[in-house]
Amino acid sequence: MREEVGDLWQQNSQGHWIGLATNGAVSASGTAVLSPGLATIAAIRFPFLKQQLGELLARSGNHVDAFPDYRLFTIPTTPVPSDRADPDLITRSAEELLRYVTHMNLSTLYTVPLGCEPGQLEWTTVRPLLNRIWDDRCIILTLP
């Protein structure tokens, strides 16, 4: 795993795959309930994402999902938006994501410190979990 300073959306607009922290909640209308932050921005940028993710959550549960049209992975960090991020779920999601990265032969994947901002975990708690699983293809971005 590498850590760099940069903008996630800039990397995505340059053709790179990105990963966004998500939860497993689905609304009564069948759309994913996205937490404030990057996932909400993704829903604005990609209007069909909430419906597509909601269908996958209802069918398969709270797991990593790939959205090739957007070059985007959803990475579960919490069961529902109001919960504190779950280190065990982050670990499982990191393992699932690495399988995708390997299977798809991706050279890079950009994401942010998972489970930290709205997830209420400290990066010092999450970093060692991800560092044990991810290799240098996985890049954690922080804003300048």
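Me: Which residue is the bridge partner of E4 in strand 6?

Reply: In this predicted model, E4 has L141 of strand 6 as its bridge partner.

Me: What makes strand 1 and strand 6 a pair?

Reply: Two strands count as paired if there are at least two bridges between them. Strand 1 and strand 6 share four bridges, in the parallel sense, so they pair by that cut-off.

Me: How do you know that strand 2 and strand 5 pair?

Reply: The cut-off is at least two bridges. Two bridges join strand 2 (residues 17–23) to strand 5 (residues 109–111), and these strands run parallel, so they count as a pair. W17 has L109 of strand 5 as its bridge partner. L109 also has a bridge partner in strand 6, namely C138. Strand 5 and strand 6 are joined by three bridges and run parallel.

Me: Why are strand 1 and strand 3 called edge strands?

Reply: The six strands form an open sheet in the order 1-6-5-2-4-3, with mixed pairing. Strand 1 and strand 3 (65–67) each pair on one side only, and that makes them the edge strands. From one strand to the next, the twist averages 35°.

Me: What makes strand 6 mostly covered?

Reply: Four of the five residues of strand 6 are buried. A residue is called buried under 20% relative accessible area.

Me: How do you know that the buried residues of helix 5 line one face of the helix?

Reply: The buried residues of helix 5 (residues 123–133) are W123, V126, L129, L130 and I133. Seen down the helix axis, they fall within an arc of 130°, so they line one face. T124 and R132, on the other side of helix 5, are exposed. The buried residues pack against strand 1 (2–5), helix 4 (87–103) and strand 6 (138–142).

Me: Why are helix 4 and helix 5 called roughly parallel?

Reply: Their packing angle is about 25°, and their axes are 10 Å apart. Angles under 35 degrees count as roughly parallel, and helix 4 and helix 5 are therefore described that way. Helix 4 passes helix 5 in a right-handed crossing. On the helix 4 side, P87, I90, T91, A94, E95 and L98 meet V126, L129, L130 and I133 of helix 5.

Me: Which strands does helix 4 lie across, and at what angle to strand 4 does helix 4 run?

Reply: Helix 4 lies across strand 3, strand 4 (72–78), strand 5 and strand 6, and runs at about 165° to strand 4. An angle over 145 degrees counts as roughly antiparallel, so helix 4 and strand 4 fall in that class.

Me: What makes the buried residues of helix 2 a single face?

Reply: A39, A42 and A43 are buried in helix 2 (residues 38–45). Down the axis of helix 2 they fall within an arc of 100°, so they line one face of the helix. The elements covering them include helix 1 (8–13), strand 2 and helix 3 (49–60).

Me: Why does R71 count as partly exposed, and why is N105 called exposed?

Reply: Exposed means over 50% relative accessible area, buried means under 20%, and partly exposed is in between. R71 has 26% relative accessibility, so it is partly exposed. N105 has a relative accessible area of 68%, so N105 is exposed.

Me: Where are R71 and N105 found?

Reply: R71 is in the loop between strand 3 and strand 4, and its phi is near 55°, a positive value in a residue other than glycine. N105 lies in the loop between helix 4 and strand 5. Phi of N105 is likewise positive, near 55°.

Note on methods. Residues numbered from 1 in each chain as written. Predicted model: local features only at pLDDT ≥ 70, side-chain atom pairs only at ≥ 80, totals over all residues. Heavy atoms only, no water. Buried < 20%, exposed > 50% of the residue type's maximum accessible area, 1.4 Å probe, protein only. Arc of directions from axis to C-beta. Contact = heavy atoms within 4.5 Å. Axes fitted to C-alpha atoms, helices over the stretch in contact; angles between N-to-C directions. Parallel < 35°, antiparallel > 145°, perpendicular 65-115°, else oblique. Left-handed = near helix turned anticlockwise from the far one by under 90°.
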